[in-house]
Amino acid sequence: MNHEEAFSELAAVALDSASAEVADAVRAHASTCPECGPELAAMEETVAAIGELAPQARINPGRSAGIRSRLLVRARNERESQSAPVPGPPDIARGVASLTGLGHKATPGAQRPVAADARRPTPATPLRHPVRTDVSPSRVNWYAIAATLAFIITGAQLWRVTQDRNEMRSQLAAVDTVQPKSDSMAQALSEKEAMIESMAGPDVKVVALSTKPTAQPLGRMFWNRATNDWMMVTYNLPAPKPGKTYQVWLVTDKAKISAGTFRPDSQGRTVMHANYALARDALRAVAITEEPDGGMPAPTGPMVVVGSA
Amino acid sequence: MNPSERELSYSSETRSNADDVALIRRMCDADETALGALYDQWVRSLYSLVLHLLKDPDEAEDVVEETFWQAWRKASSYEPSKGAVSTWLLTIGRRKALDRIRARRRYKEDAIGRDQVFANLPAPGLDPSEQTEGKELKAHVHAALQELPSEQREVLELGYFKGLSQTEIADVTGQPLGTVKTRMRLAMQKLREPLSMHRRVTE
């Protein structure tokens, strides 16, 4: 882009009305052009000055305090995680991992992406640094809500995963001649079967997850108390709002423990797996809240899913 | 002192961009208290702008939070030579608000209103806590907006408040793209005059 072309686009770039390609080209030119650089800066200042003409509105003080507090907590967590990572105790070192690559993300403090691995999930930060928060008076509310939900244990608890496995088996047979795809599917099938195996038996506790407040069933949390394996399956869960993520909490009498963040796939499905030691009778509920991207050290957003243990 | 009290006390103080730059430097050094101070200083202006654009308090609060978080994460990208910290923050916030407006349009096919938004902006000077210096600049910009020829103001409104690209503005107004570009450029040049004058006086 030559000087004349760039100069003619400065106003559009300042107003963010130019295409990304044009804006990039103009900014590249302006960064070295003694005429366009200051002109663009002045136009951007003009745009900001127009913004300051907006009628003054006062943000709700309580919500503003909440935003401020969340920002500072996130900033502090980020600083601490960057300056001094603390190794987690051995019993929680395996952490949470997405088995199906459905967008599970680490909670604050996590710097490493979480890789998919069925038998031995890649360690993830959320449970390496479990976030325990004191239970506030609102805990009573959480439990009251959770207690109203039905506790459902049926023979179809694993039907979603089993259904996936069976579907994979059919597909595997159909594509048996295509080696690379076949290998990949066989591995995925093996992972599903391992998951089903670890989530069946007398030591497995099942928590039915339902929407709040409409109590629509939309998933299960399986907890194998013998092996401390956890698996959460969701279906029909709507996508979180832009800039938000879902965060899973294990609620005990003394704490709400972050079990990681996730985004469901386009069908609202999620499969998460974790290994985390918890006393056999400690779990009171499982909850999912909507939090800012990256997650929070303690629940701050609306509780969208809950299940009574 | 709660945040709302802090906000009031800050807004009545005399501050300069140098104070804000110092906060940004501290943010670069991972001092989160500087983020808190920056929030206290600019939350009202930012919220006012994004609420005016989005017309939805919940979404406006989300954008405020995203904007300050981005400011924290990208503090090192701020360059004082390219403008004031307030300009930087309001630019980030406005872009985020426009992203949401564009997303709404994509998903809901919102009608593009052609209401005269600039004509409805209140004249500055009603807020006693505002600094005199800022009031004067705003008054000049406000006056310049009102003096723009209607066709230039319309192009600017569609770009500024609706987040339309120049091509989309050409579609909406039925004007050739070249005409839209010219009108937008002329409008911006007229608006920047009071700003340049203000800079010459204050520097």
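Author: Gladly! Bear in mind that this is a predicted model. Let's begin with burial: of the 203 residues in chain B, 51% count as buried.

Reader: What is the figure for chain A?

Author: Chain A has 309 residues, and 52% of them count as buried.

Reader: Let me zoom in on one residue. Is B:Glu59 buried or exposed?

Author: A residue is called buried when its relative accessible area is under 20%. B:Glu59 has 18%, so B:Glu59 is buried. You will find B:Glu59 in helix H4 of chain B, which covers residues 57–73.

Reader: Which residues is B:Glu59 in contact with, leaving aside neighbours within four places in sequence?

Author: Those are B:Leu54, B:Arg100 and B:Arg104.

Reader: Now the place where the two chains meet. How do I read an interface?

Author: The general idea is that the size of an interface is often given as the accessible area lost when the parts come together. Here, the area buried between chain B and chain A is about 5500 Å², and carbon and sulfur atoms give 59% of that. On the chain B side, B:Glu32, B:Glu65 and B:Met188 lose the most area to chain A, together 12% of what that side buries. Counted by contacts, 63 residues of chain B touch 50 residues of chain A.

Reader: And how should I think about pockets?

Author: Rolling a probe the size of a water molecule over the atoms shows where empty space is left. In this model, the second largest pocket has a volume of about 740 Å³. It is lined by 28 residues, and the closest to its centre are A:Arg27, A:Glu44, B:Lys82, B:Trp88 and B:Arg95.

Reader: Which elements give two or more residues to that lining?

Author: From chain A, helix H2 (20–30) and helix H3 (36–51); from chain B, helix H5 (85–108) and helix H9 (177–202).

Definitions and conventions: Residues are numbered from 1 along each chain as its sequence is written. Chains are lettered from A and ligands numbered from 1 in the order in which they are written. This is a predicted model: local features need pLDDT of at least 70, side-chain atom pairs count only at pLDDT 80 or more; totals for chains, interfaces and linings use all residues. Side-chain values use heavy atoms; hydrogens and water are left out. Buried means under 20% relative accessible area, exposed over 50%, partly exposed in between (1.4 Å probe, protein chains only). On a 1 Å grid over the protein atoms alone, a cavity is a set of points where a 1.4 Å probe fits but cannot get out, and a pocket is an open set with protein on both sides within 12 Å along at least five of seven lines; lining residues have an atom within 4 Å of a point. Grid points are joined across faces, edges and corners, and a volume is the space filled by probe spheres set on the points. Helices (H or I, at least four residues) and strands (E, at least two) are DSSP runs, numbered from the N terminus. Contact means heavy atoms within 4.5 Å. Buried area is the accessible area (1.4 Å probe) that two parts lose on being put together, summed over both.
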